[in-house]
Amino acid sequence: MIIDRIQGQKKKKNSLSAPNSDEEGGDDFESRDHRLQRNNMLSPLALSLFTFLLLCPSLSSLPQSLLPSPIPAPNDPPTICIVGSGIGGSSVAHFLRHYSSHPFSIRIFERNGIVGGRMATVNVSGQTFEAGASILHPKNFHALNYTKSLGLNIKKPSSSDSFSLGIWDGKNFVFKTLSFSSKLPFVDKIVSLANSVLMFLRYGFSLLRMESFIEGTVDKFLKYYESSESRPVFETVDGMLKWAGLYNLTTRTLLEEMIDSGFSPLLIEELATVITRINYGQSVSISGLAGAVSLAGSGGGLWAIEGGNWQMAAGLINRSDAALHLHEEIESISYLGKYYELNSTIGNSYTCEVTVVATPMDELNIQFAPQISIPKRELQHTHATFVRGLLNPAYFGLNAVSEIPELVGTIEDSDLPFSSISVLRQHGEKDMTYKIFSRQPMADMLLDSIFSVRQETIRIDWGAYPHYSAPEVFAPFILDGRHLYYVNAFENAASTMETSAVAAENIARLILSRFFSQSPLISSNLSSNSGELLHVDL
């Protein structure tokens, strides 16, 4: 992830950070203002630690979480090491505590100075916006459980009744909904009804077929919330998907699935393409399950967490009583008989009986001994550009900014420089904050043609999700046949906060059944999904 901030036309260094915990009621971890460190640089924490070691002959006063772990004694409680502090790694820690009463310690390693992984926020002119994973579905029950149990607040979604959509082909808006801002609820309802009629006139009964396709996929996914007593523990992604009836969707493209389901060519070319370009930065040629998840992310009731979705990871780590190592990147993992040795880029060494990799390995350079083998996978990079300023209506062939839809989506055309432009906040009639998604970086010259005014510009390069291609081939959950696990193997099926939590829950149960020879137990750490599912009004 690379971050670039520009104010006016002058570039200055800045960083992506979650909100300050003092302002947002956050966790007990380090200040949210830490800069993200480049891989080839020592962090400030590392430099200060080295200075301290040079000046002090004793290690007795160092925090235990910063000390290398000794070779475990036979009767010591085992240590479980987790590489990555995003929703996957934090969920593994949570479910290990949630299901087990065994004594064990947990260490979590994060190469950056903040927890959350691809859940992150960005500050634009003093206001905080989601920069990474930003939306949750109303049936994301793990995320709902986390939110309620951790005392977090749900951010009410913006009213979509009068939210305007435009589909841009590079020359014209081929379709636009109506936009009319009113403080009167009945007016918004009238506009919403009119837009529904417009959508139906253009796409017909294909809209109902798309809704049925989404509901069928979601219903199958809900099997992962069934009682742990009746739900198997899965050693492979293939087995996990086949049990829920989702595997076949990964063997065919979304385009093939939509054609077989009777979608009209116009809906596929326009509406479905806009959705997949926004949510996964890819066309309808992505694999079917990822495509269905992408379409589900366009429905109603979507939500987020006040102050940033990263707070889920922070809260879960805090509750799991884990030793958190910020600014510490793991560069090698070696199996030495009865335990694994993890070595970090700041010279520390740790021993762990169980190791979990909870971050995509596609662009990391972790050395494994013995070597492991996983299918080659490319990440789809999404460039998120945040601009405070004002769009140029002439770029879109319009006369006034008010004629530009609040969400501009695009069809699949290699000549189009962006996937979408959306209004995040309107500060005044001629002052707004926008988010742009694109497959390539947005150059200043291009931005100057799209915007008539740019007060502040922030660019973020995310290695956001896999580049999907059917049929998908999956890495193993168990990397070495022993106790080295990989949460992100599931991402080739679909990449969301909730799918990461679902995969993490399975990894935790897998560890307990294989290492501790234990059937999962239900504890009272957080509300259980067993039995009655948790519903939260959105």
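Two strands count as paired if DSSP finds at least two bridges between them. Keep that cut-off in mind. One caveat: this is a predicted model.

Start with strand E3, residues 79–83. How many bridges link E3 to strand E4, and in which sense do they pair? There are five bridges, and the sense is parallel. E4 covers residues 105–109. At valine 83, the residue standing opposite in E4 is phenylalanine 109.

How does the chain get from E3 to E4? It passes through helix H3, residues 87–99. That β-α-β crossover is right-handed.

E3 has another partner, strand E15, residues 354–357. These two also run parallel, joined by four bridges. Isoleucine 82 has valine 356 of E15 as its bridge partner.

Now burial. In a regular strand, side chains alternate between the two faces of the sheet. For E3, both faces are covered. Thr79, Cys81 and Val83 are buried on one side, Ile80 and Ile82 on the other. Five of the five residues are buried, so E3 is largely enclosed by the rest of the structure.

On to the helices. H9 spans residues 265–280, and H10 spans 288–296. Their axes come within 9 Å and cross at roughly 95 degrees. An angle of 65 to 115 counts as roughly perpendicular, and H9 and H10 are therefore roughly perpendicular to each other.

Which residues make the contact? From H9: Ala272, Ile275, Thr276, Asn279 and Tyr280. From H10: Ala290, Val293, Ser294 and Leu295. By class, the contact has six nonpolar residues, three polar and no charged.

Methods
Residues numbered from 1 in each chain as written. Predicted model: local features only at pLDDT ≥ 70, side-chain atom pairs only at ≥ 80, totals over all residues. Heavy atoms only, no water. Axes fitted to C-alpha atoms, helices over the stretch in contact; angles between N-to-C directions. Parallel < 35°, antiparallel > 145°, perpendicular 65-115°, else oblique. Contact = heavy atoms within 4.5 Å. Nonpolar A, V, L, I, M, F, W, Y, C, P; charged D, E, K, R; others polar. Buried < 20%, exposed > 50% of the residue type's maximum accessible area, 1.4 Å probe, protein only. Right-handed = clockwise from strand over helix to strand, strands pointing away.
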